[in-house]
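This report goes through a structure step by step, from single residues to the whole chain. Please look at the sequence and the model before reading on.

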Amino acid sequence: MAGNKVGRGLAKAVGIDVDERSKTEPTALIQSAALNLQSRSIDPYYETEPTVKEYLLEHRPTLAGVGRYVYSLFPFLEWIFHYNLTWLLGDLIAGITVGFVVVPQGMAYALLAGLEPQYGLYTSFVGFILYFLFATSKDITIGTVAVMSSLVGGIVERVTAEHPEFAPADIARGLSVIAGAVLLAIGLLRLGWLVEFIPLVGICSFMTGAAISIAAGQVPKLLGVSGVNTRDSTYLVIINTLRALPTAKLDAALGLTTLVMLYALRWICNYMAQRQPNRKKTWFFVGTLRLAFVILLYTLISWLANRNVTNSKKAKFSILGTVPSGFRVHSAPNISTELISAFAPDLPATIIVLIIEHIAISKSFGRLNNYVINPSQELVAIGFTNVFGPFLGAYPATGSFSRTAIKAKAGVRTPLAGLWTALLVVLALYALTKVFFYIPMASLSGLIIHAVGDLITPPATVYQFWQVSPIEVVLFFAGVIIMVFTDIETGVYFVVAASAALLLLRIAKAHGNFLGKVDVYHVASDAGEYSTTAPTTKRETFLALNRRDGSNKNINVRNPYPGVFVYRFSEGFNYANTAHYMDELVAYIQKHTRPTTLDRFEKIGDRPWNNPGPRRGQVTNAIDDRPVFRALILDFGAVNNVDVTSIQGLIDTRTQLDHHTYPDRAEWHIADVTNRWTRRALAASGFGFPRISADVAAENTYWRPIFNVAASESPYETEKVIEVVQKDIEAGLESTDRISSSSSGGATGGNGLPGKLASLQGVNRPYFHLDVATAVETVIGNVEGRVTREKIA
């Protein structure tokens, strides 16, 4: 109590009137309404507002909450103790299948990153060995990917050019640690929802542009041409490659045939799977192994042609060369402030690419296979992998689309399948490195082109985007074009920025709708040719008066009542779109209603500049058949949160319209407000109740609120919702009960109503309504009552 007095004293000292709200709320009317309900054996409900203390108590950390958080960091604990032989067999098959793909891909992508091929195997091994500990997706595989490797290659090339003292491997490993630490922090703080700001079209644009850039950069190696800087913009790479075609070497024969064979084998396997549905699984595994088969075939050809060669530079065509066996890197990365400063400009793009590829792929396969991933936990997984992977030589790794698709189709059962893939990578590192010496570089380029081809968005998908949202297709092509004419980093930034700009534009330029009323008849589906009468039910619904909602324009939609308007927000209600909404609302109301007092100003000089009235010597048009503005109903069905700007916009708009209705004041009703903090904000600003003094008696004003009440006896009782109309004070009419919606069940009284009723919403907030229909009925009752009262007076 003493603390309360101290607080009031401090508030008074700084000019805050803590009792101001209680002076503006119509206490007498509210008490009258409550007594009216009690006289009918209905318990009135008084709405209480949320407080900051309540919010803090609700969100305070607890020991149990900390335990749940720690447990959520290791999702494998939920399924590991249920592991069985059936799951083991599925994981074994899927893991080995992916292993045959990841070994050649890993080495090829390492070269794309500007590193030696063994770093691709190190990265793949670490991704598979660590991911299952934190995984919420059974399908995704973490490791080397084409887009990330290409981005790392560009960073390595730029940093080494500016700082020759840094080795390429140190740059890539340092980049992985810092980017992984950022992702790990985002995941641990459970900020994974941030990834939702990048839309699907933006992701597809980025993947398509990156795939085209990577494929174009691999064509020179595929053909064996020289003198082409593959780090230039894509269009320059294409032009320079065409110019250098006369310098093509024997590599072109190997590269082109590798590419043709890969696509031919895939087509044959898909065709045979359709022709032989009972052997679909067999053809799938055959198609999956095509990468390993083609690489082994051309490695054999290369060995036959270069079996006496010990120096890769003396080979008849470009070959991979020496790949050290085993793990040659097992130490902490060499990270310094100078190195971090060197790659810092590229760090945002690296983080965005890591997030986009992994989250997009994992969410997609989660939906396809009926499970839900946790984006925050997935960020923990790739963050942890990228932080600790460089201690074994790994560079930035994320989810791979192609290997994830293979793993899912191979019948993977749990994330533990990655261990079998890791085992195969270790086997390759220790037993097959001498074979890797003879792998043709042109064949690896063909493998990369074949892999990134699947990342290009098919035309049918783009057409589907066009049918859904044409403006996003413009964003899609703009992103692709920018990547072709600049680089991947610029394309990444554009896609993110353009997606955010489009979202903000849609919010800021949102259009509300003024609603009209229409009677809807429901005809029973069994009213066929054998029924003599078609049973129908009737109800009111509200549609946009501008008829842009796709409904039948031949149906007559009428205004609810002369001078009464219903306005529905469409894209939330916040500081970004407040001005747009309010300008639209005021303009419409002033256009469709006349001022309550037509000639309010006696002297010309008293008239405002923006409403000067008729010219000197002329009289105001007294034959204005437009209705006066009587009430506005705001439909908050699409509004969850509000802010200071939006509420102030409502207050200013109400004040502006009060000038239009002077000396009267229109009623403001709000329907479908479901957020308690929004209700508090509205009530604190004078909305939710009549605008009369607190001590005005009910007998001195006209007021007929409608309250929705329901059964309150038992939680197992089926509720009935009843509309209770308060006694009409002026007309002296008896109040009535009307059931607006009901269902059978529960104890009932002699009149068919439940035995005990209580109001659903607070009697102290009578202008907050459950739905628009109740609000309209309340407004019409109040307007007609006042009109009748004015006629009697």
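In which loop does Asn-370 lie? Asn-370 is found in the loop between helix H16 (347-368) and helix H17 (375-388). The model is a predicted one, and the values below are computed from it.

**Residues with a positive phi**

In general, most residues other than glycine have a negative phi. Asn-370 has a positive phi, near 65 degrees, and is not a glycine. Arg-190 also belongs to a residue type other than glycine, and its phi is positive, near 55 degrees. Arg-190 sits in the loop between helix H9 (168-188) and H10.

Are these residues buried or exposed? Asn-370 has a relative accessibility of 74%, so Asn-370 counts as exposed. The cut-off for exposed is over 50%. Arg-190 has a relative accessibility of 22% and therefore counts as partly exposed. The table puts the values side by side.

| Residue | Phi | Relative accessibility |
|---|---|---|
| Asn-370 | near 65 degrees | 74% |
| Arg-190 | near 55 degrees | 22% |

**A cis peptide bond**

In general, most peptide bonds are trans. The bond that joins Tyr-662 and Pro-663 is cis, with omega at about 10 degrees. Pro-663 is placed in the loop between helix H26 (644-661) and strand S8 (667-671).

**Two helices in contact**

How do helix H10 (residues 200-223) and helix H23 (residues 470-485) cross? Their axes come within 8 Å and cross at roughly 25 degrees. Angles under 35 degrees count as roughly parallel, so H10 is roughly parallel to H23. The crossing of H10 and H23 is right-handed.

Residues on both helices take part in this contact. On the H10 side they include Val-201, Phe-206 and Ile-212. On the H23 side they include Leu-475, Phe-476 and Met-483. Which kinds of residue make up the contact of H10 with H23? There are 10 nonpolar residues, six polar and one charged. Glu-472 in H23 is among the residues of this contact.

**The chain as a whole**

The secondary structure of the chain consists of 28 helices and 13 strands. The chain has 793 residues, and 47% of them count as buried. Among contacts in the chain with a separation of 6 or more, 79% are between residues 24 or more positions apart. The accessible surface of the chain is about 39300 Å², and carbon and sulfur atoms account for 60% of this surface.

Technical notes. Residues numbered from 1 in each chain as written. Predicted model: local features only at pLDDT ≥ 70, side-chain atom pairs only at ≥ 80, totals over all residues. Heavy atoms only, no water. Axes fitted to C-alpha atoms, helices over the stretch in contact; angles between N-to-C directions. Helix = DSSP H or I, 4+ residues; strand = E, 2+ residues; numbered from the N terminus. Parallel < 35°, antiparallel > 145°, perpendicular 65-115°, else oblique. Left-handed = near helix turned anticlockwise from the far one by under 90°. Contact = heavy atoms within 4.5 Å. Nonpolar A, V, L, I, M, F, W, Y, C, P; charged D, E, K, R; others polar. Buried < 20%, exposed > 50% of the residue type's maximum accessible area, 1.4 Å probe, protein only. Areas by Shrake-Rupley, 256 points an atom, 1.4 Å probe, with all protein chains shown as cover.
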